[in-house]
Amino acid sequence: MSRPPLPPFTRETAAQKARMAEDAWNSRDPVKVSLAYTEDSRWRNRSEVFQGREAIVAFLTRKWEKEQDYRLIKDLWAFDENRIAVRFQYEWHDGKGQWYRSYGNEQWEFDEHGLMKRREASINDIMIAEKDRRFHWPAPGPRPADVPGLGTDPF
């Protein structure tokens, strides 16, 4: 299975890969998201470390049960050959209605078929009031074209 764009990445193809990942995660479909990763993909997400598509599906299922009304923006940070780094923000609320904005960075490594074989994510959560939300497009679904990325203001 091939998942273009393929490495080695250019600025344009790395940005395209980041947007494709953002769109997939905004679908909140664990199986669909897992298909962008190798069958033995290795992950570190916060303090969890695991490997394989089955573990990815289980992780994402738990994640989106907890992180309700999830909306994500990823921006390309850096790239080289078969690696991409992104920064991201996402908003979500818990089962009690408390909203959060999560800030993070990911480092990705791809195989020759464009599948991600390694993902490392560092994430911090900040409680926000509902009135302070910035991500309001209908969810689940991709960020609309007229909603800008993160731009130069990280906060």
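Trainee: Where is the place of Asp111?

Mentor: Helices (H or I, at least four residues) and strands (E, at least two) are DSSP runs numbered from the N terminus, and on that reading Asp111 sits in the loop between strand 5 (99–110) and strand 6 (116–128). Please keep in mind that this is a predicted model, in which local features need pLDDT of at least 70 and side-chain atom pairs count only at pLDDT 80 or more, while totals for chains, interfaces and linings use all residues. Residues are numbered from 1 along each chain as its sequence is written, and side-chain values use heavy atoms, with hydrogens and water left out.

Trainee: Which side chain of opposite charge is nearest to Asp111, and how far away is it?

Mentor: Lys and Arg count as positive and Asp and Glu as negative, whereas His and the chain ends are not counted; a salt bridge is then a side-chain nitrogen of Lys or Arg within 4 Å of a carboxyl oxygen of Asp or Glu. Buried means under 20% relative accessible area, exposed over 50%, and partly exposed in between, with a 1.4 Å probe and protein chains only. Asp111 is buried yet has no salt bridge, the nearest side chain of opposite charge being Lys117, at 7.2 Å.

Trainee: What does the side chain of Asp111 reach, and with which residues is Asp111 in contact beyond its neighbours within four places in sequence?

Mentor: The side chain of Asp111 reaches the backbone nitrogen of His113 at 2.8 Å. Contact means heavy atoms within 4.5 Å, and, with those sequence neighbours left aside, Asp111 is in contact with Pro7, Thr38 and Lys117.

Trainee: How many salt bridges does the structure hold?

Mentor: The structure holds 16 salt bridges, one of which joins the side chains of Arg19 and Glu22 at 3.6 Å, N to O. Arg19 and Glu22 are three residues apart in helix 1 (residues 11–27), so about one helical turn separates them. Arg19 is partly exposed, with a relative accessible area of 27%, whereas Glu22, at 0%, counts as buried.

Trainee: Which parts does the salt bridge between Arg62 and Glu48 tie together?

Mentor: The side chains of Arg62 and Glu48 meet at 2.7 Å, N to O. Arg62 lies in helix 3 (residues 53–66) and Glu48 in strand 2 (residues 48–51), so this pair ties together parts that are 14 residues apart in sequence. Arg62 is partly exposed at 43% relative accessibility, and Glu48 is partly exposed at 32%.

Trainee: Are Arg119 and Glu106 buried or exposed?

Mentor: The side chains of Arg119 and Glu106 meet in a salt bridge of 2.6 Å, N to O. The pair links distant parts of the chain, with Arg119 in strand 6 and Glu106 in strand 5, 13 residues apart. Arg119 is buried, with a relative accessible area of 1%, and Glu106 counts as buried at 2%. Elsewhere, Arg83, Glu109, Lys117, Arg118 and Glu120 are linked in a network of salt bridges.

Trainee: Which residues make the nonpolar surface patch?

Mentor: Patches are made of residues with over 30% relative accessible area and no salt bridge, like charges being joined within 9 Å and nonpolar side chains (Val, Leu, Ile, Met, Phe, Trp, Tyr) within 5 Å; accessible areas come from the Shrake-Rupley method with a 1.4 Å probe, and for residues only the protein chains shown count as cover. Here Met1, Val31 and Leu35 make a nonpolar surface patch of about 290 Å². Val31 is in helix 2 and is partly exposed at 48% relative accessibility, while Leu35 lies in the loop between helix 2 (30–34) and strand 1 (37–45) and is partly exposed at 34%.

Terms used. Polar contact = N/O pair within 3.5 Å; in protein donor to acceptor, adjacent residues only side chain to side chain.
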